Amino acid sequence: MIIKSQSRRRFTGAAALAAVALGITACSSGTSSGTDAEGGSGDVSGDITLLTPIFEGTDGQQLLEDELLPQFYEDYPDVTVSVDYTTYGNLNEKLTTAAVSGAVPDVMMMGVGWIEGFADRGLLADQSELGNTEEKLLETYTPAIVDAGTWDGGVYGMPIMLDTRYGVANMELLEEAGYDAPPSSWDELVEISEALTVRADDGTLERAGFDLLSNDPRQVFETFLFSAGGDLFNEDVTEPTFNGPEGVSALQLMTDLINEHEVEDIGFSSPDAAVNPLLNGRAAMGLAHNNLWTQGLEADPEMLEKLEPFVIQGEGEGMFFGGTFATRSATSQHPEAAQALLEFLASPGPALAANEQRGNVPALTELLDSDYVQSNRFVQFSMENLDVAKREGGPPSWLEVRGDFAPAIESALLGQAEPQAALDDLAALVDEAMARQ
């Protein structure tokens, strides 16, 4: 086994981009030493870069560098992988900088909704030309996940992991209030939320009936939009539809839960809360991320026995999914080596290890039977219900506009704008961005 030293495997920030730029200058595009990346041949060689927002922190870095990459080097001893660690918050800036400079990393991890923009600019290699066709991926992934990695007839991303949003209810509290199941409609959600909200004599909120505020406002809105039977864009992704009747009713429900039904107060929680209110008893129900299970194992394992996941039910079924894909640069100087790394990271063993480290949902359906999934009730629920889950994104301009959603939604929650007006103003911004693409 050949293990490369950390100093050679790790680049950060501008150093990584500059190094790749030098490589592009020194070598002609598309050159490699060349055999099939799946063959594990010593003929596959080269120094390549990996940009990743997963494997973060000491544990994640050790998993990648001390366990996974050594496995990769067993088959590809003449390949050196330099890792550039980043966060999801900084990933878009890094990728955009790389695209502008021409110093595009060989292998890049990017989220659902990001494929379209970078594929549209010709920065990503089409996997369908390398045998990873849509038809082949559909044998091992659900259609929605495969669709998230495609653009304009090509396949540009290999799914690694998913993350989901859905309802979670504290069944002990529901049963004490006379309910034997989570809400199965918006009306029931309102009724049960009101019944489970607890306030002190002076009106101070002590327990939220339904927590909306511990997740990104955009993703909360999208989950309710999907449960209303709506979509972000029309079928051919030429115009936004989130400001239609379904979107307005979804945002109105969110607004009413806070301002009319008073099941939660602004400021009671936030996405940055140290402990999710479902875990410390400050919320009876809420919208949650699948990694709530992992958080619960650390904070209060006994609480997990009380928590029941459920799909938000309206005119449709509301479950949001995001996720992370492995992509390959279209200008990699060592395409066989880069392809080998991409397919290694997307293979069952490494993908499962990455998901377990983060408490996320494996994209491969075959991993439903793994010990990790079977021991994690929230991840299992996610995988069993992916057929009703919907994603965000769609147009190449998505990354440009997604940051505009939270202010628009918050303006309605704060009573500064009516839901229709807030969404119409947002749709106008999206229309402008789509017109520029």
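Q: Buried means under 20% relative accessible area, exposed over 50%, and partly exposed in between (1.4 Å probe, protein chains only); why is Thr86 called buried?
A: Thr86 has 8% relative accessibility, which is under the 20% limit, so Thr86 counts as buried. The model is predicted: local features need pLDDT of at least 70, side-chain atom pairs count only at pLDDT 80 or more, and totals for chains, interfaces and linings use all residues. Numbering runs from 1 along each chain as its sequence is written, and side-chain values use heavy atoms, without hydrogens or water.

Q: Where does Thr86 lie, and what does Thr86 touch beyond four places in sequence?
A: Thr86 is in the loop between β3 (79–85) and α4; helices (H or I, at least four residues) and strands (E, at least two) are DSSP runs numbered from the N terminus. Leaving out residues up to four places away, Thr86 touches Leu51, Thr52, Pro53, Leu91 and Lys94, where contact means heavy atoms within 4.5 Å.

Q: What makes Thr96 partly exposed?
A: Thr96, in helix α4, has a relative accessible area of 30%. This value falls between 20% and 50%, so Thr96 is partly exposed.

Q: How far apart are Thr96 and Phe118 in sequence and in space?
A: They are separated by 22 residues in sequence and by 8.8 Å from C-alpha to C-alpha.

Q: Is Thr324 buried or exposed, and how do you know?
A: Thr324, a residue of strand β14 (residues 320–328), has a relative accessible area of 3% and is therefore buried. Beyond four places in sequence, the contacts of Thr324 include Ile54, Tyr88, Met109, Met158 and Pro159.

Q: What makes a space a cavity rather than a pocket?
A: On a 1 Å grid over the protein atoms alone, a 1.4 Å probe fits in a cavity but cannot get out, while a pocket is open, with protein on both sides within 12 Å along at least five of seven lines; lining residues have an atom within 4 Å of a point. The structure holds one cavity of 30 Å³ or more, and the largest cavity has about 40 Å³ of space.

Q: What classes of residue line the largest cavity?
A: The lining has eight nonpolar, no polar and no charged residues. Leu95, Val104, Met108 and Phe118 are among them, and α4 gives the most, with three residues.

Q: Which residues that line the largest pocket are closest to its centre?
A: The largest pocket has a volume of about 1,100 Å³. Of its 41 lining residues, Asp163, Arg165, His289, Asn291 and Arg358 are closest to the centre. The largest share of the lining, five residues, comes from α12.

Notes: Grid points are joined across faces, edges and corners, and a volume is the space filled by probe spheres set on the points. Ala, Val, Leu, Ile, Met, Phe, Trp, Tyr, Cys and Pro count as nonpolar, Asp, Glu, Lys and Arg as charged, and the others, Gly among them, as polar.
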